[in-house]
Amino acid sequence: KEAYGLGVATTVRKAAEHLGIEVAGFDAWDPKASSYEALMNKIKGTNADAVFLGGLIDENGAQLIKDKVAVLGPNDGAVKLFAPDGFTTQATVDEAGAAAAGMYMSVAGVPITEFKNKAKEFVDGLLAGPLTGKSIDPYAIYGAQAAQVLLDAIEASDGTREDVLAKTFATEVTDGLIGSFTFNENGDPQDAAGAVVGFTI
């Protein structure tokens, strides 16, 4: 029932209904629960074809996935499992283990293998140095671009919070890690070219 989970679940429900997909249920899970088998059995009683998890892996998502598989079967079986980018992390694989196999998860951005130019150089540098042999989350690129925007704004400012914010809004990124963009008055990217998505001040 937190903002991200409720927001993404509500949006998915509306989209499904718009497409004529019947929504069999809409329930929240308690992130402190030790088991979700009762919830999965409730879902089983609806004869649903799929389950969408509107939330984050760190809200006891791994246990939720394990109990889904225990009660409703594998994710590539009769009841599919879908999750938003709140589950698209290495933690899902590490914590849910084999139960995560066959899940469909969205990524609000470009897969790590699709980054080009400066972003690819950045990734290659990480893989050749401090992250040798490890996987890199695509959000690392977006985080690095956000940090660069902020650091540049601080450098260009007079040191006050107000001026840092003003300089951030005035930022014009050309051929940055996620492409080229400016910000509109709401802090959303505009005139974007490249991998810019959901980058908001």
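Helices (H or I, at least four residues) and strands (E, at least two) are taken here as DSSP runs and numbered from the N terminus. By that assignment the protein has seven helices and six strands, which follow one another along the sequence as α-α-β-α-β-α-β-α-α-α-β-β-β. Please bear in mind that this is a predicted model, in which local features need pLDDT of at least 70 and side-chain atom pairs count only at pLDDT 80 or more, while totals for chains, interfaces and linings use all residues. Residues are numbered from 1 along each chain as its sequence is written, and side-chain values use heavy atoms, with hydrogens and water left out.

Begin with the whole protein, whose C-alpha trace spans about 60 × 40 × 30 Å along its principal axes. Colour by accessibility, with buried meaning under 20% relative accessible area, exposed over 50% and partly exposed in between (1.4 Å probe, protein chains only); buried residues then make up 34% of the 201 residues.

Next select Thr-92, which lies in helix H4 (residues 90-96). Is this residue buried or exposed? Thr-92 has a relative accessible area of 0% and is therefore buried. A polar atom of its side chain lies 2.4 Å from the backbone oxygen of Phe-87. If contact is taken as heavy atoms within 4.5 Å, and neighbours within four places in sequence are set aside, Thr-92 touches Ile-57, Ile-65, Phe-87, Gly-97, Ala-100, Met-103 and Met-105.

Now move to helix H6 (residues 139-156), where Leu-150 is found. Leu-150 counts as partly exposed, because its relative accessibility is 42%.

Finish with strands S4 (residues 172-176) and S5, which pair in the antiparallel sense over three bridges, pairing being assigned if DSSP finds at least two bridges between two strands. Why is strand S5 (residues 179-183) described as largely enclosed by the rest of the structure? Four of its five residues are buried, so the description applies to S5.

Methods. Polar contact = N/O pair within 3.5 Å; in protein donor to acceptor, adjacent residues only side chain to side chain.
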